[in-house]
Amino acid sequence: MHNDTSNPGAAMTATDADPRTRLRLVAAGVFAKRGYNDASVEEVCSEAGVDAETFSAHYEDKYALFKDVVLANAREMVRATDGIETNDPRQARSVITRIIENATRVAIATRATGGFYRSEHRYLRREDARELSGIIGELHRRVRQPLMLHRPKLTEDDATLMAAAAFSVIASITIHATSLPAPKVQTLLTVTAMRMLDSEPSPAQVHMDQPATRPAWHDDTSRDGQLLKAAVDLCFQRGYHAVTIDEVATAAGVDVEWARQHTSLSDILTRGCLSGHKALEIDLNYALESSVSARDTLLGLCRAYVRHYMVDYKLMTVYLADARNFDDGNHGTMLALQDYSVNLCTKAMQDARPELSHTEATFLVFAAMSLVSDLARMLRWKNDDATTSRIEKFACMVMALIR
């Protein structure tokens, strides 16, 4: 086993860097704030203190800069785990712990700029997306290898999923603004990620006693319903900013001029999110009403969220990735939907786990929701009992400490 001597928590500042690195560091912040489509080369150059000629000497265009930023963030996590390896089963768990600790330090150090790629990566070209997948796959491999040494009865699929769950928990810090001192964040995320890796694989089949309520928009055959279905499909595939109202109307078989005059992509998706949330609210309320203890309530809410996500995964993916990009008039509505679910689960977690502060519980709620999204994508949104139960178990581990 090799000792790593790097300091993964020490992030270079833009003012200390050469022009190319300065552009990349500044661009990470601009992309995180505005997203790929709304960010401009001019803003990056202005904040980095370089002129257009210097930019052109290092990058062909905005996309080339974007690609560099996305891949650099992923590579930083890999560098933080370089040299931490073993072939000795007796050292395997120690190696796993050090990898998780170092990865968590990087996530904390790059929190302000490291999360944008979780949604913006959709704008990567195919070959660059493959490279990003390869980097993430290498991170998973670095945990899977010692994990299977430590726990030889695990299958490779189970070990890969457990590694993905652990890294999802770590990366969840980038999707919300809740604040805790860095040492507390380090402990909370490290302990929770390690819980994923110490868990037992879930059963192959679990009876689904309470299926998710089907969102009403799925069965809406009206003109508005057809527009919504087309908007969700297109935005799920390509991202909100890559879709126009003209394309949505054409795909829905609706007159383009009528659509331009009477609605917008943001309004269409907002109606969908409200419809989906009504279905989720029914299931969350059922969990509240049918529970006999604080722990039952927490587990019920967690399972209801997972089952809703799997039934409505396309709209949920668009909502989580793009709701912040909707028109200004819809921002308040989108935030209210998020607050409802987060606050409900946070209160239930504090009732079931009184040792947690409100802020710590909120951190873990976001970690669980992030994990559901990441694992659903990894498992290709396969909405069957076995897949859903696997995701449920990991989410419940985060929130309710089950094994």
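**Entry 1**

I started with Arg380, which sits in the loop between α18 (358–378) and α19. My helix names follow DSSP runs numbered from the N terminus, where helices are H or I of at least four residues and strands are E of at least two. Before going on, I noted that this is a predicted model, in which local features need pLDDT of at least 70 and side-chain atom pairs count only at pLDDT 80 or more, while totals for chains, interfaces and linings use all residues. I also noted that residues are numbered from 1 along each chain as its sequence is written, and that side-chain values use heavy atoms, with hydrogens and water left out.

Arg380 is not a glycine, yet its phi is positive, at about 60°. I then looked at Trp381, which lies in the loop between α18 and α19. Trp381 has a positive phi too, of about 55°, although it is not a glycine.

Arg380 counts as exposed at 69%, whereas Trp381 is buried at 19%.

**Entry 2: α17 against α18**

Next I looked up how α17 and α18 pack. Their angle is about 120° and their axes are 9 Å apart. Axes are lines fitted to C-alpha atoms, for helices over the stretch in contact, and angles run from 0 to 180 degrees between N-to-C directions. α17 and α18 are therefore oblique to each other. For these words I kept the cut-offs at hand: under 35 degrees is roughly parallel, over 145 roughly antiparallel, 65 to 115 roughly perpendicular, and the rest oblique.

The crossing of α17 and α18 is right-handed; that word applies if the near helix is turned clockwise from the far one by less than a right angle, and left-handed if anticlockwise.

I listed the residues in contact (heavy atoms within 4.5 Å). From α17 they include Gln338, Ser341 and Val342, and from α18 they include His358, Ala361 and Phe366. By class, this contact has 8 nonpolar, 6 polar and no charged residues. In this scheme Ala, Val, Leu, Ile, Met, Phe, Trp, Tyr, Cys and Pro are nonpolar, Asp, Glu, Lys and Arg are charged, and the others, Gly among them, are polar.

**Entry 3: α15 against α17**

I stayed with α17 and turned to another partner. Helix α15 (residues 294–311) packs with helix α17 (residues 328–352) at an angle of about 150°, with axes 8 Å apart. That makes α15 roughly antiparallel to α17. This crossing is left-handed.

On the α15 side, the contact residues are Ala294, Arg295, Thr297, Leu298 and Leu301, and they meet Leu344, Cys345, Ala348, Met349, Asp351 and Ala352 in α17. The contact has 8 nonpolar, 1 polar and 2 charged residues.

**Entry 4: salt bridges**

How many salt bridges does a search of the whole structure find? The search gives 24, each one a side-chain nitrogen of Lys or Arg within 4 Å of a carboxyl oxygen of Asp or Glu. Side chains of opposite charge can pair when their charged atoms come close.

I picked a few to look at. Asp233 and Lys314 meet at 3.0 Å, N to O. Asp233 lies in helix α11 (residues 223–238) and Lys314 in helix α16 (residues 313–322), so this pair ties together parts that are 81 residues apart in sequence. Asp233 is partly exposed at 31%, and Lys314 is partly exposed at 26%.

Glu257 and Arg260 pair at 2.8 Å, N to O. They are 3 residues apart in helix α13 (residues 256–262), about one helical turn. Glu257 counts as partly exposed at 42%, and Arg260 counts as partly exposed at 45%.

Glu392 and Arg303 form a salt bridge at 3.9 Å, N to O. Glu392 is in helix α19 (residues 385–400) and Arg303 in helix α15, so the bridge links parts 89 residues apart in sequence. Glu392 is buried at 5%, whereas Arg303 is partly exposed at 33%.

Last, I marked a network of salt bridges that links Asp82, Glu138, Arg141 and Arg142.

Notes: Buried means under 20% relative accessible area, exposed over 50%, partly exposed in between (1.4 Å probe, protein chains only).
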